[in-house]
Amino acid sequence: MSKDYAVIGKNVPKIDGREKATGAAKYAGDLKFPNMLFGKLLTSPHAHAKILSIDTSEAEKLPGVKAVITHKDVPALKYGISPARWDENIFCIDKVRFIGDKVAAVACIDEETCYKALKLIKVEYEVLPAVLDALLAMDEGAPQVHDEYPRNINTEIHQNFGDLDKALAEAYHVRNDYFVGQRTYQSPIEPHSAVSIWKDNKLTIYSSTQSPHYFQYYIAREFGLKMGDVRIIKPFVGGGFGGKLEPTGLEFAGAVLSKLTGRPVRTFYDRHEMFAHNRGRHKVYMELTTGVDKEGKILGVHANFVSDGGAYTSLGVATSYYAGGLLTLTYEFENYKFDMIRVYTNLPACGAQRGHGAPQPKYAFESHLDNIAKDLGLDPLEIRLRNARQPNTVTINDFGINSCELTACLEKAADISGWREKKGNLPKGRGIGIATGSFVSGAGYPIYRNDLPQSAAMIKVHEDGTAATLYTGAVDIGQGSDTALCQMAAEAMGYRYENMKIIAADTETTPHDFGAYSSRQTLMSGSACKQAGEEIKKQILDIASTIMSLPPDDLDCRLGIIFSKSRPTAKTITFEEAARRFFVLRGPLLGRGVYHVPRLGGTFKGAAVATSPAYSFCAQISEVQIDEETGEVDVCEVWDVHDCGQVINPMQLHGQVHGALYMGVGEAIWEEVLFDDQGKILNPNLGGYMLPTALDMPIVHSELVESFEPAGPWGVKEVGEGATNPTMGCFNNAIYDAMGVRIDSLPLTYEKVWCAMKEKREGKTESNTEV
Amino acid sequence: MSQVITDKHGIQHYMITINVNGDDYTRVVKANTLLVNVLRDELDLTGTKKGCELGDCGSCTILLENKPVDSCMILAIEADGKKITTIEGIAESSELDKVQEAFINNGAIQCGYCTPGMIISAKALLTRNPHPNEKEVREAIAGNLCRCTGFVNIVKAVLKVSEETNDKEVISNE
């Protein structure tokens, strides 16, 4: 970042650091209102069953129970975050579709009474055969999860670019590999909570949300309210990672319970219920066929995927398009076929998890590419350099790439990890692997069709100029957008970060923004904040010119000091002085900003998904040590080199890489949501799910390459999700380098590594085949 | 032994007195009331977070007689007569504790939900071992899960406090 900047590019302390460090920060579950009730949901104990009857009379009689509701008490309108498939009801009407599906809810004077009341609700079920295996879901005669979707097909994609058959026919070498991913769960440490207050025909909900806007839109739609009568407020949010993007039963049921009782109702999920609500990463079955020339240049790729979507759509249509759409980013090739089927099963719904749709296909493709490199006798780094995406190119599926320093990322990662010295020279049991990643800097189109700008912002300068408040709909869920956006606003204003305040993510007081998903806020919300800051600066220089008797064009403002550009010795005045003068003469000093995405992408079906104004790139190298006795995978060190454009706050930026990488580490080796043969989750807790601890996290080196993204304010682009994408493939390649075994399913558990080593010793062939 | 009061439904309640952040509080609790709920619901000390209520995540870590424990794993009646420090009482004055400062300055805080418990565990470590090595830091916070930071800057922050602590200060505090 250029030294010319006064506020951005610097490690300012997090704007909410003190509140969080002292325990003063209030999250939705910490909120208390006079007369508040507690609400809990009753969920299905069966994966698939008809509801024959629901008897709530006993529960209603229990002292302390204020309301009991079922499908009869709520709108029957189906909802969902993805407008392509609204398939969920507030409460199940005729049947339940997974263990954890919503059946009823209670509002009581305390939590304990809620649990007692839930036990008194009698639901009579007729258990139906369930479909728990995605690969069997499409069979004739398989149980139907939704009558409207024959053969349980939720989403079907067939895209064809260039001439793949010709490319494969002309290829020097064609390889086919098959990989299987796993279901993971975001596992934010804060459980979902909401406080709903329905009063005087207006609904206010405090919720642990990643997007007040989508909550407001879908909740208003469900209850037939005007959007202006629904207020969504985001208190502090304890992490989301995609799992808090859509409204849940907590908001829908909580709203109705509040309406019926006339009291605020706090609803919440416990850890087990969070796992059941899920919306985590889809398990994807991935077949890849790639043709290359003699030099390893990729000529064409066929990605043929099936994914397990669970019982509802959630954001899964987009996930499905992302899964194949994003595969064209890191390596250049001109022929591509992408087939994908997302099926319904009687399991919790899957949705968008950090790296949305990309990490598992990336694991498969990076493992596949290493197999190809081995077939050709090429170094894994070399085959990636030969195919690496270059700047100012367009992918075969019509994504425009501006800045792209993937080659520099690969070179730097190789340098700092000692790749060239280590590759082939490490002792047995120790290996080094490489992979790349890329991600959008904000989705090019909103989740439901509308013409709203992506982001808007306002700044109000205090009457005496000693503070300025940024109003933004952007959503800080921990990633630090409140801090970065205040830095950007202050920079554009010529003001000081220390004097910035922020009001964010409240649909009543802050201007529209779609929220925290698809790594969009630094670029998109940042653009709006920059524009609002610039508008303030223009006005402040205008009034300063009358005070200083100098032309406004000759003035500038930096860190709150207004000075003449041409006369360095001329007397300066302060921002405060000018701002006060402005208020006295002209009234409130306000700045406004708005950001629209230019029209992006092609015209084929699904062309909008994975479009973005800018794409980040990164390379990861990891070194692992394998215990030959136990199969234990010890990741010793990881080097991540990111091309994320210019940097607003280096400390926060590297923090994002660390976190994304951590999620990749967990998914690579340990994390998996497991089910029994009835569709019941076996490990619905953080211990059983094996969330990595501080002892499991490898040594991480996060580095950057110089890059400037023309589509972003001050040249910025994505960082928060991209580093999750390469990790699983990177580790798999390192394991292969160490032991010569290829693990073709996630997670890369010790047991799988041990079994693969045993098979290899016993001379069995690898499961991946060459064609 | 706490005083027992039986209500009209025959349910027994226990009168307990706990010393929290230096002050005594007397409350009537049930046999199954968790300490975390007394702190959060009765005393409004919501800095102590609930993340799992199973003893997995460590968000509800407090100091009980100067030892870090998960307050969701302790019954309120077990804490009767004991000394408790929560995140709200970790700093000796209105200033921040060094650990809190280091967390802020080293990027150890993202969403902040694990932060209070993490700071309590780090504080307990640094009190008994002012100069831990990296492995000791990781072991001390292994019961505190963080989903945001990969623990990288948390470990860095704790080691920074150790670096900046001079030993004279340690001795005089003891």
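Among contacts in chain B between residues at least 6 apart in sequence, 55% join residues at least 24 apart. Two residues are in contact if their C-beta atoms, placed from the backbone, lie within 7 Å. This is a predicted model, in which local features need pLDDT of at least 70, side-chain atom pairs count only at pLDDT 80 or more, and totals for chains, interfaces and linings use all residues. Residues are numbered from 1 along each chain as its sequence is written, while chains are lettered from A and ligands numbered from 1 in the order in which they are written.

Start with the elements. Chain B has 6 helices and 6 strands. Helices (H or I, at least four residues) and strands (E, at least two) are DSSP runs, numbered from the N terminus. Along the sequence the pattern is β-β-β-α-β-β-β-α-α-α-α-α. The radius of gyration of chain B, taken over C-alpha atoms, is 17 Å, close to the 16 Å that the globule rule gives for 174 residues, so chain B is as compact as a globular protein of that length. That rule is 2.2 Å times the number of residues to the power 0.38. The C-alpha atoms of chain B fill a box of roughly 60 × 35 × 25 Å along the principal axes. Of the 174 residues, 51% are buried, meaning that 20 or more other C-beta atoms lie within 10 Å of the residue's own, with C-beta atoms placed from the backbone.

Next, the domains. Chain B divides into domain 1 (3-89) and domain 2 (98-173), with bounds from an automatic or database domain assignment. Their C-alpha centres lie 24 Å apart. Their contact takes 15 residues from domain 1 of chain B and 11 residues from domain 2 of chain B. On the domain 1 side, strand 4 (61-64) and strand 5 (67-70) of chain B are the elements that give two or more residues. Strand 4 of chain B gives the most, with 3 residues. By class, this side has 6 nonpolar, 6 polar and 3 charged residues. Ala, Val, Leu, Ile, Met, Phe, Trp, Tyr, Cys and Pro count as nonpolar, Asp, Glu, Lys and Arg as charged, and the others, Gly among them, as polar.

Now turn to chain A. Here 41 residues of chain B are in contact with 45 residues of chain A. On the chain B side, the elements giving two or more residues are helix 2 (98-105), helix 3 (115-128), helix 4 (134-140) and helix 5 (152-164). Helix 2 of chain B provides the largest share, 4 residues. The residues on this side of chain B divide into 21 nonpolar, 13 polar and 7 charged.

Conventions
Buried ≥ 20, exposed ≤ 12 C-beta atoms within 10 Å, placed from the backbone.
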